[in-house]
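Reader: Please show me the model, and then I will ask about its side-chain packing.

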Amino acid sequence: KQMRVLVAVAISAILLSGCNCAIDVSVTGSLHEGITFALREVRDIRLAGVWTRDEFGEWEEIWKVEGKDRIDSIRYGQPTAGLSVTFGGEGLKKGRLYTFTVETGDRLWAPCVGNVYLVVTSAGIVETCGTDECLRKYP
């Protein structure tokens with residue numbers, strides 16, 4: 001019986017390990033013109049959101065859309081035809097670190113996920129923050 005359990009766990013681990021996939025995400029825009037998150041290709045998205053770090057260094061959700069829509073981009077704070085805002089939408093602040101995460105619903109075992117870290121400069125322009133140095137600069 002133990003051998004069957006071990007075999008089942010091993011097979012599950014092998015199947016699940018091949019189910020992760022990444023979605024390439026980029027970000028452009030400014031506080032004045034709006035912020036757009038772009039996917040490299042059109043995907044069936046079920047969830048997207050933005051988080052920022054609170055004063056304790058914990059990630060705090062500030063905006064989320066849920067539902068199902070086939071998109072290749074989404075603007076911060078706005079719904080799409082099939083994704084409804086389910087949380088927040090407060091304005092982003094200069095000098096803060098954020099992360100945008102997007103998730104599909106098109107995989108049997110696990111969703112495809114993509115994210116991008118970003119900061120808003122003192123001029124209000126959004127820049128990608130993908131290096132360790134950048135991530136340490138914005139606690």
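Reader: Which residues does valine 50 touch?

Author: This is a predicted model, in which local features need pLDDT of at least 70 and side-chain atom pairs count only at pLDDT 80 or more, while totals for chains, interfaces and linings use all residues. Residues are numbered from 1 along each chain as its sequence is written, and side-chain values use heavy atoms, with hydrogens and water left out. Contact means heavy atoms within 4.5 Å. Leaving aside residues up to four places away in sequence, valine 50 touches Phe37, Glu60, Glu61, Ile62, Trp63, Tyr76, Leu92, Tyr98, Thr99 and Phe100.

Reader: Which residues have the most contacts inside the largest nonpolar core?

Author: A nonpolar core is a set of buried Ala, Val, Leu, Ile, Met, Phe, Trp, Tyr and Cys residues joined through side-chain atoms within 4.5 Å. Buried means under 20% relative accessible area, exposed over 50%, and partly exposed in between, with a 1.4 Å probe and protein chains only. The largest such core has 25 residues, and those with the most contacts inside it are Phe37, Val50 and Phe100.

Reader: Which strand gives the largest share of this core?

Author: Strands (E, at least two residues) are DSSP runs, numbered from the N terminus. Strand 1 (25–30), strand 2 (34–53), strand 3 (59–75), strand 5 (97–104) and strand 6 (113–120) each give two or more residues to the core. The largest share is six residues, and it comes from strand 2.

Reader: How many aromatic pairs are there?

Author: Rings of Phe, Tyr and Trp (its six-membered ring) pair if their centres lie within 6.5 Å; planes under 30 degrees apart count as stacked, over 60 as edge-to-face and the rest as tilted. By this rule the count is three.

Reader: Why is the pair of phenylalanine 37 and phenylalanine 100 given the class it has?

Author: Both phenylalanine 37 and phenylalanine 100 are buried. Phenylalanine 37 lies in strand 2 and phenylalanine 100 in strand 5, so the pair ties together parts 63 residues apart in sequence. The ring centres are 3.9 Å apart and the planes are at 5 degrees, so the pair is stacked.

Reader: What is the angle between the planes of tryptophan 59 and tyrosine 117?

Author: Tryptophan 59 is partly exposed at 34% relative accessibility, and tyrosine 117 is partly exposed at 29%. Tryptophan 59 lies in strand 3 and tyrosine 117 in strand 6, so their pair ties together parts 58 residues apart in sequence. The pair is tilted, with 6.0 Å centre to centre and a plane angle of 45 degrees.

Terms used:
Helices (H or I, at least four residues) and strands (E, at least two) are DSSP runs, numbered from the N terminus.
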